[in-house]
Amino acid sequence: MSEKKYFKFSDSVLLVPFLLVLLMWTVYWVEIRFQTNFNPYGIYPRTFSGLRGLFFGPFIHGSLQHLYNNTIPIAILSAALLYFYRDIAFKVLFWGALLSGLLTWGIGRTSYHIGMSGVIYVLASFIFFKGIFTKHYRLTALSLFVVFVYGSLLWYIFPIKEGISWEGHLSGFISGLLFAVFMKTQLPETKKYDWEKEDYNEEEDEFLRHFDADGNFIETKEETADPGKEGESIKITYHFKQKKPNQEK
């Protein structure tokens, strides 16, 4: 990837989460400003009209607290997805939202299911399981970070609290797991130093030549002069310029 393309992609790491959050808050502001309710545009299970919630549902929230609870997780997890899984990030976001929504449509209660929670569970599940499956140290560390910060989300895939779409959470969790299993990604290249390579030769290493077999530093004398010119004297000539009388002050 060229440097120019890299910086373009780096911009998207911040731009995409910003646009998602902006759209969520804009939809909520429109509801408050114009005293309207977009809940009927959410996912309504097993009805044809309820399928439009696959596209509109994630951006609709029932309260300010609901909106706030989804804002920070979607911003952090989408940025992490775009940074560490750049080659499949948009596929996970788009198809994850559709698949989790479709599963919610199939198993959900007869109620409107709204909010970004399903997508958040897709991202949390995918990032965790993909990092474990790849066994790459950076991606595994990211998985542990997700567990540490968002591990408590696991409880909400069960019907433990009234008024929460646990079906949407469960659907997102399952979708993320499926994507982690079946979606292939290009792993980050691990940088290898010269001494880690198989064809490494210690005798040709300029740095190691300064040490003996016991690891002691070998002091070398720097050549300060050309041996062939030793004994030559340096002749210095001084020129004295006398001032003219009219220049004296």
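Me: At what angle do the axes of helix 4 and helix 7 cross?
Reply: Roughly 135 degrees in this predicted model. The axes of helix 4 and helix 7 (residues 166-182) come within 8 Å.

Me: Is that oblique or roughly antiparallel?
Reply: Oblique, because roughly antiparallel needs an angle over 145 degrees.

Me: Left-handed or right-handed?
Reply: The crossing of helix 4 and helix 7 is right-handed.

Me: Which residues make that contact?
Reply: From helix 4, they include Trp 95, Gly 96, Leu 99 and Leu 103. From helix 7, Glu 167, Gly 168, Ser 171 and Phe 179 are among them.

Me: How does the contact of helix 4 with helix 7 split by class?
Reply: Eight residues are nonpolar, seven are polar and one is charged.

Me: Switching to helix 5 and helix 6. How far apart are their axes?
Reply: 7 Å. Helix 5 (residues 117-134) and helix 6 (residues 137-150) pack at about 140 degrees. Their crossing is left-handed.

Me: Which residues touch there?
Reply: Helix 5 brings Ala 124, Ile 127, Phe 128, Gly 131, Ile 132 and Thr 134. Helix 6 answers with Leu 139, Thr 140, Leu 142, Ser 143, Val 146 and Val 147.

Me: What about confidence? Where is it highest and where lowest?
Reply: Helix 4 (residues 89-107) is highest, with a mean pLDDT of 97. Helix 1 (residues 3-33) is lowest, at 81. The chain averages 83, and 71% of the residues score at least 70.

Me: Which stretch falls below 50?
Reply: Residues 1-8. Beyond near neighbours in sequence, that stretch has three contacts in the model.

Notes: Residues numbered from 1 in each chain as written. Predicted model: local features only at pLDDT ≥ 70, side-chain atom pairs only at ≥ 80, totals over all residues. Heavy atoms only, no water. Axes fitted to C-alpha atoms, helices over the stretch in contact; angles between N-to-C directions. Helix = DSSP H or I, 4+ residues; strand = E, 2+ residues; numbered from the N terminus. Left-handed = near helix turned anticlockwise from the far one by under 90°. Contact = heavy atoms within 4.5 Å. pLDDT = per-residue confidence, 0-100. Parallel < 35°, antiparallel > 145°, perpendicular 65-115°, else oblique. Nonpolar A, V, L, I, M, F, W, Y, C, P; charged D, E, K, R; others polar.
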